[in-house]
Amino acid sequence: MKLKKFTSIFAATALALGVLAGCGEKSSSDGDGESSSSSKDGGTIKIGLNLELTGAVASYGTSEADGIQLAVDEINEAGGIDGKKIELVKVDNKSEAAEATSGAVKLTTQDKVVAIIGAATSGATVAQAQIANDNETPLISPSGTSPTVTVNEDGSLNEYVFRTSFIDPFQGTVAANFAANELKVKKAAIYSDNSSDYSKGLAKSFKEYFESAGGKTVANESYVAKDSDFRSTLTRIKSANPEFIFIPGYYEEVGLIVKQAREMGIDVPLMGADGWDSPTLLDLAGVDALNNTFTVNHYSSEDPDGKIQDFKEKFKAKYNQSPNAFNALGYDTVYLLKDAIERAGEVDSKKIKEELEKTDGLELITGLYSVDENHHPIKSATILEFQDGEQVFKTKVDP
């Protein structure tokens with residue numbers, strides 16, 4: 001998801017701040033709020049949640065938390081994992097890297113969780129990576145799509161860090177493939193967030209593939225997160241006469257961009273990636289403006305696959321709404337971890353890590369999941385189209 005990114009310098013600073021910050025936030029469980037002793041000693045398996053429950057991208061974190069809770073409830077009602085119930089210990093990283101680091105310190109050193117799920121964003125996940133490695137505690141981001149979540153810029157592997165989602169270069173390539181081969185576009189514009197590694201990485205991979213397929217990039221413009229008036233840049237893009245505009249940003253800005261583009265008479269197809277996936281996007285852009293727009297995403301609740309439809313009905317029964325991709329990724333992350341714990345044969349973090357590395361062909365809601373040597377998932381992507389305010393399933397793309 002996903003997914004605000006932070007530079008490596010900031011992540012390192014956040015790491016230092018997090019260690020100094022210590023821990024002051026009380027933990028909460030999935031049940032009556034009581035906390036048990038070590039997950040290895042008692043009758044529970046303590047799993048930490050380090051998610052964006054408030055702050056700029058709370059929509060992502062709260063959506064994943066709902067999916068996680070549904071999965072935990074199902075597993076516990078069925079008897080748990082090898083007879084042990086899952087206990088969730090939650091911290092809110094407030095959509096900030098420093099808070100994510102502080103939360104990881106608390107979860108590993110005080111709560112003694114066997115694994116951590118989160119963050120939703122890449123930057124807040126990277127901020128926890130060293131803590132996870134040092135404490136030999138598996139850390140799984142449901143939606144951290146930057147390659148640097150698991151592989152550092154120097155090429156070294158974050159041994160204890162995994163992800164459930166596919167990575168950014170795959171999203172950008174899928175979008176370019178769809179534009180060139182399905183929409184038959186020859187001229188495209190790119191409008192990306194210059195303050196976001198997520199957005200810049202997607203823009204780069206889109207441009208490379210689109211041009212290799214014979215397309216031409218006629219405009220390459222940028223904005224900065226928290227901007228609210230995009231008209232001057234959209235005017236330049238419009239004057240370049242693109243047949244398609246790729247906007248790899250987050251819903252807060254994308255909603256306004258789409259609305260203003262349509263108001264200016266830009267009626268060509270618009271497309272983004274998983275950062276668009278929030279109910280707030282519809283509120284910001286409006287139903288009509290979102291027609292003829294597309295996204296790359298992790299799954300669609302409208303996919304006719306029977307497993308997906310069963311999940312959709314269970315989610316709607318609990319939350320009275322259809323599940324989005326972040327709900328599904330949170331749900332899948334619990335089952336990914338459950339599978340590794342069962343194969344490990346005991347609640348031991350190091351053995352769970354080793355089994356996560358061996359995952360091959362695990363059937364999840366968001367597709368068959370395997371992991372490569374860089375802890376990158378090998379899985380499919382889904383193309384969605386907005387039609388009258390609804391996300392309609394278009395097609396599924398294999399890696």
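Two packed helices are described by the angle between their axes and the distance between the axes. In the predicted model, helix α5 (residues 168–182) and helix α6 (residues 197–212) have axes that come within 7 Å and cross at roughly 45°. The two helices are therefore oblique to each other, and α5 passes α6 in a right-handed crossing. On the α5 side, the contact is made by D168, P169, Q171, G172, T173, A175, A176, N177, A179, A180 and N181. The α6 side contributes Y198, L202, S205, F206, Y209 and F210. Sorted by class, the residues of this contact comprise 10 nonpolar, 6 polar and 1 charged.

Side chains of opposite charge can pair when their charged atoms come close. The count for this model comes to 20 salt bridges. One of them joins the side chains of D73 and K318, with an N to O distance of 2.9 Å. This pair links distant parts of the chain, since D73 lies in helix α2 (residues 58–77) and K318 in helix α10 (residues 306–319), 245 residues apart. K318 counts as partly exposed, at 39% relative accessibility.

A further salt bridge connects K351 and E346 at 2.4 Å, N to O. K351 is partly exposed at 35% relative accessibility, and E346 is also partly exposed, with a relative accessible area of 36%. In the salt bridge between K358 and E355 (3.4 Å, N to O), K358 is exposed at 54% relative accessibility, whereas E355 is buried, with a relative accessible area of 13%. Salt bridges that share partners also join D229, R231, K259 and E263 into one network.

Notes
Residues are numbered from 1 along each chain as its sequence is written. This is a predicted model: local features need pLDDT of at least 70, side-chain atom pairs count only at pLDDT 80 or more; totals for chains, interfaces and linings use all residues. Side-chain values use heavy atoms; hydrogens and water are left out. Axes are lines fitted to C-alpha atoms, for helices over the stretch in contact, and angles run from 0 to 180 degrees between N-to-C directions. Helices (H or I, at least four residues) and strands (E, at least two) are DSSP runs, numbered from the N terminus. Angles under 35 degrees count as roughly parallel, over 145 as roughly antiparallel, 65 to 115 as roughly perpendicular and the rest as oblique. A crossing is left-handed if the near helix is turned anticlockwise from the far one by less than a right angle, and right-handed if clockwise. Contact means heavy atoms within 4.5 Å. Ala, Val, Leu, Ile, Met, Phe, Trp, Tyr, Cys and Pro count as nonpolar, Asp, Glu, Lys and Arg as charged, and the others, Gly among them, as polar. A salt bridge is a side-chain nitrogen of Lys or Arg within 4 Å of a carboxyl oxygen of Asp or Glu. Buried means under 20% relative accessible area, exposed over 50%, partly exposed in between (1.4 Å probe, protein chains only).
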